[in-house]
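Welcome! Here are a few questions and answers to read alongside the picture.

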Amino acid sequence: MDIFLVILAAFFMVIGIIGSFLPVLPGPLTSWIGLLIFHLTDVVPMNWTFLIITLIIALGIWILDYIIPALGTKRFGGTKAGMIGTSIGLVIGLIAPIPGGIIIGPFFGALIGELLNKARLDTAIKAAFGSFLGFIASTFIKSIVAMIFLGFFMVKVYEYIDVIFR
């Protein structure tokens with residue numbers, strides 16, 4: 001049973017890394033589930049402090065994933081209308097069956113939000129570019145956290161390899 005749980009945990013770790021780039025899956029949260037499954041094995045002692053700290057980090061990154069693109073919009077001169085447009089565009093980009101919807105949704109959401117707020121086109125494009133940079137920053141942060149979680153997993157597997165595969 002332990003080998004099955006280790007394989008299942010490894011699967012969740014890989015899906016978590018993929019989820020860092022694909023917005024359909026919450027990357028670090030999925031990786032955290034892999035860590036939890038791994039700690040449910042009989043051979044690896046349950047470390048509640050480690051699991052709680054990594055869960056808080058994963059939840060924080062998940063929340064920031066929705067905030068960072070809006071902050072990017074604001075940083076590049078966007079108004080509240082642009083930030084709202086970014087958030088609406090992000091949701092529409094997630095739902096809409098268009099290629100790259102998660103990238104172009106926030107961009108066009110910020111652009112439309114700024115234009116509806118009577119901003120000049122160059123200001124609106126700058127704010128939309130800020131939402132795009134926010135999305136890229138968010139993706140980078142998620143991927144780093146998922147890779148760190150994978151590193152934790154690999155270190156623990158190496159530490160207990162003799163007991164797991166005995």
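Helices here are DSSP runs (H or I, at least four residues), numbered from the N terminus. This is a predicted model, in which local features need pLDDT of at least 70, side-chain atom pairs count only at pLDDT 80 or more, and totals for chains, interfaces and linings use all residues. Residues are numbered from 1 along each chain as its sequence is written, and side-chain values use heavy atoms, leaving out hydrogens and water.

Q: In which helix does Ile 67 lie?
A: Ile 67 counts as partly exposed because its relative accessibility is 36%, between the limits for buried (under 20% relative accessible area) and exposed (over 50%), with a 1.4 Å probe and protein chains only. Its place is in helix H3.

Q: Where in H3 does a kink lie?
A: H3 has 28 residues and reaches 38 Å from its first C-alpha to its last. In H3 a kink of about 40° lies shortly before the proline Pro 69, at Asp 65.

Q: Which helices do the buried residues of H3 pack against?
A: Among the buried residues of H3 are Phe 50, Leu 51 and Asp 65. Contact means heavy atoms within 4.5 Å. The partners of these buried residues are H2, H4, helix H5 (101-116) and helix H6 (121-159).

Q: Is His 39 buried or exposed?
A: His 39 sits in helix H2, residues 27-39. Its contacts include Phe 50 and Leu 51. Because its relative accessible area is 3%, His 39 is buried.

Terms used:
Helices (H or I, at least four residues) and strands (E, at least two) are DSSP runs, numbered from the N terminus. The expected span of a helix is 1.5 Å times one less than its number of residues. The bend at a residue is the angle between axes fitted to the seven residues ending there and the seven starting there. Lists of a residue's contacts leave out its neighbours within four places in sequence.
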